[in-house]
Amino acid sequence: MSDPAVWPSFTIVIPTYQRRALACEAVGALARLDYAGAFDVIVVVDGSTDGTARALAGLKVPFALRVVEQANAGQSAARNAGAALATGEIVLFLDDDMICAPDLLAEHARSHAAGADAVVGEIPLEANSPKGFLTEGIAAWAESSAQEAREGVAPGPFQIFSGQISVRRTVFDALGGFDCRYCDGKGAYGKEDADFGVRLLARYTVGHNPRAISHHRYVVSPREYLRRGHALGLADAQFARAWPQLANELFARNHIDRASTRRVIRPLARVPGLHRIMAVLAAMAAWVVLRTPWRSSRGFLRVFHAVRMVSYWAGVDAGGGVPDATSARILCYHAIADHADDPVLRPYSVPRARFERQIAWMQRAGYAFVTADDLEACLAGVIRLPRKAVLLTFDDCYDDLLDVARRVLAPRRIPALAFAVTGLASHSNEWDQRVGARPRRLLTWAQLRELPALGVTVGSHSRTHPRLTTVPDSQIDGEVAGPAADIVRNGLPLPRHFCFPYGDCDARVRAATARAGYALGFGVAPAVANRASARMELPRIELRRGDTGVRFWLKLTFPRLAFQLRWRLWGARLRGAVGRRIRPIVWPALPQEGGRAAI
């Protein structure tokens, strides 16, 4: 690193909103940077009306400064906008209240040269921050966070702070940037950095450099601090739905197990409107205290913090609450396309637009999409799931699935589980064609290999799609264990999940599934999966073309009731058609959910 020619180029991105003086000071501090490589600065003014852009444009600085204005959309959108314009090899994100040390870029560069794909530094309180109980509490938090890193603990998602983090531009682009749903410019606040950290840590190396320092000029008012407490609770509830495996750690950091939280804080938070009254009173008291000799009172800090925690837990409850469910709805789809002209596939093809409306409705209704691994961990008692947990599954892997994953699921960060039929050289639905269906293409191996990067896990659905209960003992292992070998041989991870064609299985098939090493087996039944469900025959709610409107809502909300109403109506029609005498003969033979002839 002694040769300046090898120092990487940086683009520094600073989002700002309604902080003209502070933003100007933060940018001015960058003039003191001592860095041998090239760097430029992009400031994204996120809808400010205080003249920030004009003031920044008037600064005289010894580096290239670009000021970009956008309508207020939140910090995440501002950071993403700045990164989209970056030209440096590495993007360094700084908040507008960070006053940088002169060697900040050099320290980040050293960590990247040592192999890091992203680097986090330290953000101690800046000396000119207003004095008082609030800033002293923030200083203590910053020190404790830094101490965790200094003790050699590898950075986790909750140690990723977007106030100072550098990321290789190629890495940032590959991850898709910050999730704008956490900070939308309308008061939402928090957890966009932890969400980014989860995705970052899953694929790349993150380093911590304690010598990379930007001092935090903390100017948040007590009133705003309390408002952020409620907004952070909402964000944490959203984060817990997105990443249920981290929910326990997240809420443990917010003292969910403390007696005071259980007995006082959370009960107060559940009283409608009380947190707002407490916040107003606490903000008024803070305004008085900060103007007295007791402005650094630790006693008042404890009271103030307690009020903030009431606001926080009120936000968590408003956002859907702490994940405490031990069950999930597993939805079974087939083709996401309009096959109205196919006599066999028509009932099991859901048009793309209808599928998108169903996904949008579930999101608005508070359903949380989980992964198969999340479900497996929940059933094993390791984690709990959000109260409205949903696992999306797709049988057969028709060729429409790749585009659905790319354009519908991935942009919404919705995970899914797809079951591939692995032994058909034609890559088509040969099992359907034998009973009159038109040929439909299945995903090729090259296309299947694209799914994991889009959040879709590939599982097994047999080699040739037979009714496994009719397969001879000599062939059962080939149909059950064989697909796992095919999937691995074609460059995909070893599958842990198996889906029974037609939802058809018995004790012999379940034993073969367990013997093959699968963690979970999936059938079809109108029920919610929970810890009492058989691991090798988990129920899935099958969604068909006709499941629209109230029928979709009923099937999703009360699957067993929807099933009973369906067959009771069919039974009534049967009585009218053939009379009472033959009904006892035919009724027991009515097909169960999933007991169909072709799909």
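Mentor: Before we start, two strands count as paired if DSSP finds at least two bridges between them. Please also keep in mind that this is a predicted model.

Trainee: With that rule in hand, in which sense do strand β6 and strand β8 pair, and over how many bridges?
Mentor: Strand β6 covers residues 118-122 and strand β8 covers residues 206-216. Within this pair, valine 119 stands opposite glycine 207 of β8. The two strands run in the parallel sense, and the number of bridges between them is four.

Trainee: Which strands stand at the edges of the sheet that holds this pair?
Mentor: The sheet is open and has eight strands with mixed pairing, in the order β3-β2-β1-β4-β7-β6-β8-β5. A strand at an edge has a single partner, so one of its sides is left without a neighbour in the sheet, and the strands in that position are β3 (64-70) and β5 (98-100).

Trainee: At about what angle does helix α1 run to β5?
Mentor: Helix α1, residues 20-29, lies across several strands, namely β1 (10-16), β2 (39-46), β3 and β5. Taking β5 as the reference, the angle of the helix is about 20°.

Trainee: What is the handedness of the crossing of α10 and α12?
Mentor: Helix α10 (residues 259-269) and helix α12 (residues 298-318) have axes that come within 8 Å and cross at roughly 65°. On the α10 side the contact is made by Thr261, Ile265, Arg266, Leu268 and Ala269, which meet Ala306, Met309, Val310, Trp313, Ala314 and Asp317 in α12. By class, this contact has eight nonpolar, one polar and two charged residues. The crossing itself is right-handed.

Trainee: Which element gives the most to the lining of the second largest pocket?
Mentor: This pocket holds about 1,500 Å³ of space, and of the 47 residues that line it, the closest to its centre are Trp243, Thr371, Arg413, Pro415 and Gly455. The elements that give two or more residues to the lining are α6 (169-175), α7 (192-203), α8 (222-242), β10 (368-369), α14 (372-379) and β13 (456-460). By class, the lining has 28 nonpolar, eight polar and 11 charged residues. With five residues, the element that gives the most is α7.

Trainee: Which residues does glutamine 238 contact, leaving aside its neighbours within four places in sequence?
Mentor: Glutamine 238 lies in helix α8. Its C-alpha atom is separated by 27 Å from that of methionine 98, which is 140 residues apart from it along the chain. With the sequence neighbours set aside, the contacts of glutamine 238 are Arg181 and Tyr182.

Trainee: How many residues of each class line the largest cavity?
Mentor: The count of cavities of 30 Å³ or more comes to one, and the largest cavity holds about 60 Å³ of space. Its lining includes Asp396, Cys397, His427 and Trp445. Divided by class, the lining residues are seven nonpolar, three polar and one charged.

Note on methods:
Residues numbered from 1 in each chain as written. Predicted model: local features only at pLDDT ≥ 70, side-chain atom pairs only at ≥ 80, totals over all residues. Heavy atoms only, no water. Contact = heavy atoms within 4.5 Å. Axes fitted to C-alpha atoms, helices over the stretch in contact; angles between N-to-C directions. 1 Å grid on protein atoms, 1.4 Å probe; cavity = no way out; pocket = protein on both sides within 12 Å on 5 of 7 lines; lining within 4 Å. Points joined across faces, edges and corners; volume = space filled by probe spheres on them. Nonpolar A, V, L, I, M, F, W, Y, C, P; charged D, E, K, R; others polar. Left-handed = near helix turned anticlockwise from the far one by under 90°.
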